[in-house]
Amino acid sequence: MKRFGRWLRWGLLAPFALAILWLLWLFLWVVYWGQFNPGTTRFMEIRLAELREKNPEAVLRQQWVPYAQISIHLKRAIIAAEDAKFVDHEGFDWEGIQKAMEKNQKKGRFVAGGSTISQQLAKNLFLTPTKSYFRKAEEAVITLMLENLWSKRRIFEVYLNVIEWGNGVFGAEAAARHYFAVGARQLGPAQAARLAGMVPNPRFYDRNRNAPGLGRKTAIILARMPSAEVP
């Protein structure tokens with residue numbers, strides 16, 4: 001009976017111990033990437049594996065560029081398109097989350113998350129593209145770490161360098177060269193707005209570059225860019 005009690009206690013404690021180890025692992029990576037640039041992300045690993053199922057020689061296109069070498073137009077466009085309150089919030093846009101929850105309830109399934117730039121970065125660095133409330137909880141934990149350990153400028157710099165922008169295309173430099181044959185620092189307002197419009201569905205827009213919806217989104221983002229506040 002005593003042995004059974006010990007096993008029961010260990011059985012109850014094990015999940016907590018694993019959770020603590022997971023949090024420590026995340027914490028150490030967040031601290032490290034606060035000073036050193038990520039060589040790869042979870043999203044990159046997933047996309048590369050998918051590409052290599054069709055072509056074993058496939059590689060990703062991604063080149064890190066410092067924050068100062070990324071066009072101010074792209075920075076404003078991304079803020080205008082993805083997270084207008086980025087410099088002010090602490091990782092979460094509660095109004096956006098409320099709207100997303102209402103949309104999910106209306107559809108009867110998980111279709112929107114109301115994610116901020118910080119949340120999107122958390123997902124890209126560590127998680128998978130699957131949509132679930134459990135994954136949103138994981139994302140929230142990582143977001144809190146990023147917001148408390150990194151500056152807004154660092155969050156935005158890493159985000160601009162690692163997000164997906166096409167089929168095997170990651171980061172602002174690779175995106176600028178892939179779509180416009182220029183460097184990230186050379187992007188003009190219209191080019192930047194177009195790239196920002198691609199972010200929610202980059203692989204689709206890579207295949208459908210003249211999609212009417214993208215043109216409409218680009219015009220809306222262009223109109224919002226002058227008021228966008230960047231870190």
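1. Contacts first: taking a contact as heavy atoms within 4.5 Å, 69% of those in the protein between residues at least 6 apart in sequence join residues at least 24 apart. Bear in mind that this is a predicted model, where local features need pLDDT of at least 70, side-chain atom pairs count only at pLDDT 80 or more, and totals for chains, interfaces and linings use all residues. Residues are numbered from 1 along each chain as its sequence is written, and side-chain values use heavy atoms, leaving out hydrogens and water.

2. On secondary structure, the protein has 11 helices and 2 strands, in the order α-α-α-α-α-α-α-β-β-α-α-α-α from the N terminus. These are DSSP runs numbered from the N terminus (helices: H or I, at least four residues; strands: E, at least two).

3. As for burial, 44% of the 231 residues are buried (buried is under 20% relative accessible area, exposed over 50%, partly exposed in between, with a 1.4 Å probe and protein chains only). The accessible surface is about 13100 Å², with 59% of that belonging to carbon and sulfur atoms; the areas come from the Shrake-Rupley method with a 1.4 Å probe, and for residues only the protein chains shown count as cover.

4. Have a look at helix α7 (residues 152–162): 10 of its 11 residues are buried, so the helix is largely enclosed by the rest of the structure.

5. The charged end of Lys152 sits over the Phe86 ring, 4.5 Å from its centre, and Arg154 lies over the face of Trp150, at 5.8 Å from the ring centre. The rule here is NZ of Lys or CZ of Arg within 6 Å of the ring centre and within 35 degrees of the ring normal.

6. Now the aromatics: there are 9 pairs, counting rings of Phe, Tyr and Trp (its six-membered ring) with centres within 6.5 Å; planes under 30 degrees apart are stacked, over 60 edge-to-face and the rest tilted. Trp29 and Tyr32 are edge-to-face, because their centres are 5.9 Å apart and their planes at 85°. They are 3 residues apart in helix α1 (residues 2–35), about one helical turn. Trp29 is partly exposed at 34% relative accessible area, and so is Tyr32 at 43%.

7. Trp33 and Phe126 make a tilted pair, 5.5 Å centre to centre with 40° between the planes. Trp33 is in α1 and Phe126 in helix α5 (residues 117–126), so this pair ties together parts 93 residues apart in sequence. Trp33 is buried at 9% relative accessibility, and Phe126 is buried at 10%.
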